[in-house]
Amino acid sequence: MRKLRIGVAGLGRAFSIMIPTFRDPRVELAAAADPRVEARHRFAKDFGGTAHDTVEELCADPDVEIVYVATPHQFHAHHATLAARNRKHVLVEKPMALTLDDCAGMIAAARSAGVHLIVGHSHSFDAPIARTRELIGSGAYGPVRMIHALNFTDFLHRPRRAEELDTAQGGGAVFNQAAHQVDIVRLLGGGRVKSVRAATGAWDATRPTEGAYSALLTFEDGAFASLTYGGYGHFDSDELIGWIGESGQQKQPYARKPQALASPAEEAALKSARNYGGANWQEPTEQSIAHQHFGTIIVSCERADLRPMPVGVMIYQHGTARLDPLPPPAILRVEVIDELYVAVADGKPPLHDGAWGMATLEVCLAMLQSAREGRDVALSHQVAR
């Protein structure tokens, strides 16, 4: 079996979550780049790969064939383009970039170099979402008419760097969290989003970015989707899913207490200490008992309602409810490696390609615009799947 040799640009939070995924036998972590010396030393110790000071060095490394771009959002476009120009395939974290022009440049660079560009992880990769899409595609339940997505977390009150609280630099709930919900409803809706109407909330003066939003998306075929997200750490919507957390782990209800932080510098230092290689970093040891999820999703088809759950898909029809079960995951986020592997090793076009990621970003940007201007926003760069 061919092993894909991955280089990691950015050893922060996103990489930490992906570590169990990268233990898949089909991939090997060949190299990494990060400005933090402690992270580079830890990577060399844990994985035996080359630790570079800069992303430029990483992208030029001949031992790397794929660059996983997990740097801060404002650097995604530059680092993905740099990787493509070095003829490396690219796996870039969401959001793909911060502007549509940057997305177009990334797509053009990958096309010119003849490499694949995949945007992920997002929760539209999750197995229950994929299974719901299969059920919709079977035609047994009729066309999709409406989708509801709801999630409440403590997103905004986790330790953050200053840039993560600045919307202009890709901070806030829309860039970070709507990217998941939009990806999910677009994949399940199957069509192009025609228009967006949204409102956002920024209710904590010490964290001046969006912490909540609601949006209504209308599709060209007449279907519509409502998205609601609250990130202020009060209600936890995992309560609606039997206290299974986002990564599929069992969690203790309302156990996390907010921590007072004296200054932005102290907060940034705390986050750095908790990141990979930091003084307080620990690899997650909680066992995933079920699949990942991103809150409550309900898909209303013409003849049934479908609800992806961490253990499968609930089907509600004719006054009955039954579970279409899924076996628990052997590897967290293995769906990302599945898509990456068949693209690079077998040449199969990926589902979550650059055009897909750009269309999701267009919806997120339209949500911000609609909230500012108080009107519907029409879209023009949508793709169907």
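# Notebook: loops, rings and charges

I began at R87, which lies in the loop between α4 (76–85) and β5. Helices (H or I, at least four residues) and strands (E, at least two) are DSSP runs, numbered from the N terminus. I note that this is a predicted model, in which local features need pLDDT of at least 70 and side-chain atom pairs count only at pLDDT 80 or more, while totals for chains, interfaces and linings use all residues. Residues are numbered from 1 along each chain as its sequence is written, and side-chain values use heavy atoms, with hydrogens and water left out.

**Backbone entries**

I looked up the phi angle of R87 and found a positive value of about 60°, although R87 is not a glycine. R87 counts as exposed because its relative accessibility is 57%. The cut-offs are under 20% relative accessible area for buried, over 50% for exposed, and partly exposed in between (1.4 Å probe, protein chains only).

H318 is also not a glycine, and its phi is positive, near 55°. I found H318 in the loop between β13 (312–317) and β14 (320–325). With a relative accessible area of 74%, H318 is exposed.

Next I looked up cis peptide bonds. The bond from K94 to P95 is cis, with omega near -10°, and P95 is in the loop between β5 and α5 (100–113). The bond from G120 to H121 is cis too, with omega near 15°. I placed H121 in the loop between β6 (117–119) and α6 (127–137).

**Strand β5**

Are the side chains of strand β5 buried or exposed? I found both faces of the strand (residues 89–92) covered, with H89 and L91 buried on one side and V90 and V92 buried on the other. Strand β4 (residues 66–69) runs parallel to β5 in a pairing of 4 bridges; two strands pair if DSSP finds at least two bridges between them. V67 has V90 of β5 as its bridge partner.

**Aromatic rings**

Rings of Phe, Tyr and Trp (its six-membered ring) pair if their centres lie within 6.5 Å; planes under 30 degrees apart are stacked, over 60 edge-to-face, and the rest tilted. I noted 13 aromatic pairs by this rule.

W243 and Y254 both lie in the loop between β10 (224–230) and α8, so the parts tied together are 11 residues apart in sequence. W243 is buried because its relative accessibility is 14%, whereas Y254, at 40%, is partly exposed.

I then looked for a cluster: F15, F22, F43, F47, Y68, Y276 and W281 form one.

A charge sits over a ring if NZ of Lys or CZ of Arg is within 6 Å of the ring centre and within 35 degrees of the ring normal. I found the charged end of R26 over the ring of Y341, 5.7 Å from its centre. R186 lies over the face of W356, 3.7 Å from the ring centre.

**Salt bridges**

A salt bridge is a side-chain nitrogen of Lys or Arg within 4 Å of a carboxyl oxygen of Asp or Glu. By this rule I noted 23 salt bridges.

E38 and R36 form one of them, at 4.0 Å from N to O. E38 is partly exposed at 32% relative accessibility, and R36 is buried at 15%.

R158 and D154 form another, at 2.8 Å from N to O. I noted R158 as partly exposed at 25% and D154 as buried at 18%.

Which residue does E164 meet in a salt bridge? I found K271, at 2.6 Å from N to O. This pair links distant parts of the chain, 107 residues apart: E164 is in the loop between β7 (144–152) and α7 (173–189), and K271 is in helix α8. Both E164 and K271 are buried. Salt bridges with shared partners join R160, R161, E163, E164 and K271 into one network.
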